[in-house]
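Hi there,

Here is the structure I promised to pass along. Please open it next to this email, and my notes on it follow below.

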There are 2 protein chains.
Amino acid sequence: MKHALPVTREQDFAAWYQAVISEADLAEESGVRGCMVIRPWGYGIWERIQKLMDARIKAAGVENCYFPLFIPLSFFEKEADHVDGFAKEMAVVTHHRLIADGKGRLIPDPEAKLEEPLVVRPTSETVIGQAMSRWVQSWRDLPLMVNQWANVVRWEMRTRMFLRTSEFLWQEGHTAHATRDDAMSETMRALEMYRDFAESALAMPVVAGEKPENERFPGAVATYSIEAMMQDGKALQAGTSHYLGTGFAEAAGIKYQDQEGGQQLAHTTSWGVSTRLIGGVIMVHGDDDGLRCPPQIAPHQIVIVPMLRDNDEDAAIIAYCEDLAKALGALDVFREPLRVLFDKRPTKAATKRWGWVKKGAPIIIEVGGRDVAGGNVSVLRRDRLYNEAGKLDSAIMARDAFVSDAAAMLEDIQASLHAEAKARLSANIRRDVTDKDALAAAFNGDKPGWVEVEWSKPTGDALDTVVEWLKGHKLTLRNVPLDAAPASGACIFTGAPATERVLVGRSY
Amino acid sequence: MKHALPVTREQDFAAWYQAVISEADLAEESGVRGCMVIRPWGYGIWERIQKLMDARIKAAGVENCYFPLFIPLSFFEKEADHVDGFAKEMAVVTHHRLIADGKGRLIPDPEAKLEEPLVVRPTSETVIGQAMSRWVQSWRDLPLMVNQWANVVRWEMRTRMFLRTSEFLWQEGHTAHATRDDAMSETMRALEMYRDFAESALAMPVVAGEKPENERFPGAVATYSIEAMMQDGKALQAGTSHYLGTGFAEAAGIKYQDQEGGQQLAHTTSWGVSTRLIGGVIMVHGDDDGLRCPPQIAPHQIVIVPMLRDNDEDAAIIAYCEDLAKALGALDVFREPLRVLFDKRPTKAATKRWGWVKKGAPIIIEVGGRDVAGGNVSVLRRDRLYNEAGKLDSAIMARDAFVSDAAAMLEDIQASLHAEAKARLSANIRRDVTDKDALAAAFNGDKPGWVEVEWSKPTGDALDTVVEWLKGHKLTLRNVPLDAAPASGACIFTGAPATERVLVGRSY
């Protein structure tokens with residue numbers, strides 16, 4: 001069985017990942033360090049993610065806004081924890097003019113130095129906090145819930161497309177509440193929104209839970225994440241939701257008059273997902289022929305490829321395909337119009353077919369003269385490309401039967417991708433490891449998955465010791481799953497009575 | 001007649017403009033020089049503009065992508081015309097790390113200076129051109145048509161919200177074609193798309209035409225624009241479309257093999273509209289009570305305000321409003337679901353009413369106990385707020401009759417806003433001016449509008465002389481309208497035989 005990619009997952013998972021991105025025309029290096037060009041198929045997936053996520057965000061009563069790209073240095077200084085924690089590798093704007101140097105080159109104009117340098121936003125808590133301090137006066141103004149879709153920049157030394165790029169696209173929700181309880185409810189609502197979105201829209205099973213102290217967002221009181229398992233067994237943090245307490249409100253001055261007339265600090269939250277999700281979709285659903293795109297986020301759910309032969313039959317084939325596209329486009333699936341493309345490009349049919357296989361179009365329909373004569377279509381399901389004999393499993397169906405089945409078939413593909421990933425996740429979390437040596441040994445093999453262990457939730461220096469030991473084995477603490485069983489034994493790290501269960505794994 | 005804004009258009013148009021933005025919660029200063037915060041109502045209008053424009057862009061076969069925020073200096077050096085022309089006031093990133101200076105302040109780390117400074121994109125021809133040079137190999141790859149929705153930065157010394165800000169949001173379309181004719185067709189298609197969009201979605205009449213040589217995009221062979229007339233008579237350039245010839249293709253290396261095997265340079269175009277359109281909508285449709293938002297781009301088209309009195313009747317009023325919102329939300333208008341909001345905030349009804357008047361919700365429905373008892377609603381149309389006696393023109397209608405009429409009423413509001421603006425535009429373009437003194441005199445009065453004059457289309461120094469003379473009178477050349485009558489007399493500037501007609505006006 002020959003595959004469409006030059007390298008398989010087994011041969012070299014990292015090279016395979018790059019090959020999918022390249023062969024599926026998802027993205028490419030831009031020539032600008034750490035920044036990628038997101039190509040139409042990749043950006044189309046992001047547009048689908050935006051549309052489906054935005055509807056959920058709006059349904060929760062959160063309103064979209066837009067805040068400045070630039071943040072003055074002084075804004076960061078107000079939140080010391082925040083600065084010391086991570087706000088170091090950032091793009092800094094120092095000049096506002098270019099001039100020619102007289103030798104045919106351009107240089108920043110020394111006369112146009114900014115009095116206060118500006119940072120290209122790595123995240124927007126500080127600048128949004130300042131706006132909130134203007135908008136929040138009374139308890140009546142709370143909760144205040146805003147979101148923005150934006151680009152952010154974190155200067156990364158080692159970049160990998162979609163997973164870690166200097167510039168990336170994301171949404172960041174920011175909310176302010178009267179009480180800790182209200183803010184915690186919103187933190188958990190956002191987490192659950194992400195969990196449900198990952199499972200249903202991306203067909204990507206995840207574990208939702210609280211990050212240990214060392215993995216918290218700098219300045220946060222509590223950080224929650226969804227963690228997805230890639231096919232190499234590594235974890236990908238796919239979304240986070242933070243309860244920020246009153247620290248950011250204090251730094252920005254977000255205060256309100258309560259119903260008794262007293263002044264109170266607001267409790268804030270923030271939560272975000274990014275183009276990183278696309279990297280997750282690739283590593284969860286991709287196979288050795290390229291991407292398999294879940295129908296909910298596929299820019300085109302069904303692609304029709306005509307098998308033209310430059311002869312008299314072509315006109316009839318084209319008319320047949322156009323009629324089929326029209327019939328399919330009139331259908332609804334997942335409560336939206338079905339997205340169908342009739343691929344009319346002047347390219348060979350086999351090239352087109354493999355192009356769509358690599359891109360992961362959920363259903364590829366091929367129509368030749370014989371199909372037209374018989375009132376049939378040849379149907380290729382991307383989630384099960386080959387039959388048991390290892391041959392392309394192209395099924396001939398009556399055209400009308402296919403139109404009747406198309407929506408259900410897409411739903412079935414979405415469900416089957418989810419089930420396959422869910423089975424892999426479930427099969428690759430071990431819960432039987434009770435000592436450190438066994439924990440280290442559990443990661444010796446290939447694609448080791450994760451281990452859920454009992455621990456005593458150490459803090460401070462004790463936690464640092466644990467993290468160091470893990471780091472020595474290239475391991476990290478992922479999260480404490482919300483739905484984990486209670487702990488009953490001893491902490492695998494400290495020997496103290498365990499209080500909860502935490503996931504350990506390699507990670508991206 | 002007392003109005004909702006603290007200043008009227010007659011008193012001070014510039015102050016009135018700022019008051020609309022502030023009182024309608026559209027945007028505000030951010031504390032970051034030249035950058036604004038776009039608030040939910042302003043961003044909601046932008047989302048509507050994006051949605052309607054994006055559908056037109058996609059329908060033309062243009063695909064969305066995303067390109068890097070940062071452009072290396074060297075990219076600008078390749079296109080010398082481009083650099084000399086305008087690429088000077090730009091934000092320049094020179095460092096990639098912040099450190100503490102030991103005195104509690106943050107500074108750019110001198111150890112983390114970039115080898116090559118990066119410019120925050122002012123527009124993306126250079127970086128997109130580089131990508132196109134990779135994507136275009138053969139005539140089969142053409143036309144290549146991409147678009148991105150993005151933020152761009154042009155360091156502006158004097159900023160005004162929406163009209164001229166250092167950072168703004170826009171879409172930029174970039175296309176490459178095999179021939180001049182194909183590229184010119186695309187240039188004109190984009191122009192017509194913008195013209196039709198302004199007229200139908202924004203209810204904003206515009207004049208589409210070619211910019212004179214001095215107003216061309218740097219490096220362009222031809223620049224076309226749509227120009228809208230504000231209520232103070234000034235022109236706002238609301239969208240541009242450029243035919244770039246082969247200059248950008250040469251700089252970036254966009255070459256293709258033609259059908260005969262020869263190497264050819266591609267012909268490129270670019271076209272864009274921005275958040276500036278929102279400034280135009282304000283100054284075309286606003287009145288002394290705030291914004292009047294065309295229904296096609298209003299985030300909420302109908303807002304229901306309950307007149308609660310903290311008594312037994314409230315529950316019935318709320319149920320009545322909820323039922324009404326449901327009935328309206330099930331309707332379609334402009335081929336989309338009608339957007340209705342039931343405003344349940346704990347605020348006084350009169351405050352809510354005036355809040356929605358200032359925001360420009362097209363229809364405001366008030367429901368009190370008497371309305372519920374009579375099966376009625378009180379209807380306020382934002383486009384005709386007062387009756388002839390100068391009183392609020394709130395009409396009592398039977399609830400069912402209103403539901404039946406609602407979609408048609410919104411269509412009528414859209415049409416009436418357009419008709420009003422169209423009449424103003426038509427009435428304020430003079431075509432009877434044939435000498436320079438009269439031209440200067442035509443702009444002496446208040447709200448002078450535009451003058452369309454015959455000219456000989458001078459170039460080079462002769463054009464510079466004309467532009468200087470106009471500048472001395474605070475005038476600019478707007479465009480040569482596509483649908484202008486032919487010229488028959490002498491050039492108003494040079495006395496030579498006129499070849500075409502050009503619009504002269506004050507501008508934003």
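To start with a question: in which sense do strand 5 (residues 92-95) of chain A and strand 5 (residues 92-95) of chain B pair, and over how many bridges? They pair in the antiparallel sense, over three bridges. Within that pairing, Val93(A) stands opposite Val93(B). Please keep in mind that this is a predicted model.

**How the two chains are related**

Chain A can be superposed on chain B by a rotation of 180 degrees with 0.0 Å of shift along the axis, and the RMSD is 0.0 Å. The two copies are thus related as by a two-fold rotation axis. Val93(A) turns up again here: of the residues of chain A, its C-alpha comes closest to that axis, at 2.1 Å.

**Where they meet**

The contact between the chains involves 64 residues of chain A and 64 residues of chain B. Of the interface residues of chain A, 100% are also interface residues in chain B, so the copies meet through the same surface.

The size of an interface is often given as the accessible area lost when the parts come together. For chain A and chain B the buried area is about 5400 Å², and carbon and sulfur atoms give 63% of it. Tyr66(A), Leu98(A) and Leu106(A) supply 13% of the area that chain A buries against chain B, more than any other three residues.

There is a polar side to the interface as well. Across it, 38 residue pairs are in polar contact. Sorted by class, the side of chain A that touches chain B has 39 nonpolar, nine polar and 16 charged residues. Side chains of opposite charge can pair when their charged atoms come close. Between chain A and chain B the count is eight salt bridges. One example is Arg134(A) with Glu28(B), where the closest N and O atoms are 2.6 Å apart.

**Salt bridges overall**

Over all chains, the count comes to 70 salt bridges.

**Two sheets to trace**

In chain B you can follow an open sheet of eight strands, in the order 3-9-10-16-13-12-11-27, with mixed pairing. Its edge strands are strand 3 (63-64) and strand 27 (480-481) of chain B, each of which pairs on one side only. Within chain B, strand 13 (residues 235-243) and strand 16 (residues 267-274) run antiparallel and are joined by four bridges. There, Tyr243(B) has Thr269(B) of strand 16 as its bridge partner.

In chain A there is an open sheet of four strands, ordered 24-25-28-26, also with mixed pairing. Strand 24 (429-430) and strand 26 (476-477) of chain A stand at the edges with a single partner strand each, so one side of each is left without a neighbour in the sheet. Strand 25 (residues 450-455) and strand 28 (residues 500-505) of chain A pair in the antiparallel sense over five bridges. In that pairing, Trp455(A) stands opposite Glu500(A).

**A few backbone details**

Which residues of chain A does a cis peptide bond join? They are Leu142(A) and Pro143(A), with omega at about -5 degrees. Pro143(A) sits in the loop between helix 5 (125-135) and strand 9 (144-153) of chain A. In chain B, a cis peptide bond joins Leu142(B) and Pro143(B), and omega is about -5 degrees. The place of Pro143(B) is the loop between helix 5 (125-135) and strand 9 (144-153) of chain B.

Lastly, Ala203(A) has a positive phi of about 55 degrees although it is not a glycine. You will find Ala203(A) in the loop between helix 6 (180-200) and strand 11 (206-210) of chain A.

How values were computed. Residues are numbered from 1 along each chain as its sequence is written. Chains are lettered from A and ligands numbered from 1 in the order in which they are written. This is a predicted model: local features need pLDDT of at least 70, side-chain atom pairs count only at pLDDT 80 or more; totals for chains, interfaces and linings use all residues. Side-chain values use heavy atoms; hydrogens and water are left out. Contact means heavy atoms within 4.5 Å. Buried area is the accessible area (1.4 Å probe) that two parts lose on being put together, summed over both. A salt bridge is a side-chain nitrogen of Lys or Arg within 4 Å of a carboxyl oxygen of Asp or Glu. A polar contact is a pair of N or O atoms within 3.5 Å; within protein, one must be able to donate a hydrogen and the other to accept it, and residues adjacent in sequence count only if both atoms are side-chain atoms. Ala, Val, Leu, Ile, Met, Phe, Trp, Tyr, Cys and Pro count as nonpolar, Asp, Glu, Lys and Arg as charged, and the others, Gly among them, as polar. Two strands pair if DSSP finds at least two bridges between them. Copies are superposed by least squares on the C-alpha atoms of residues with pLDDT of at least 70 in both.
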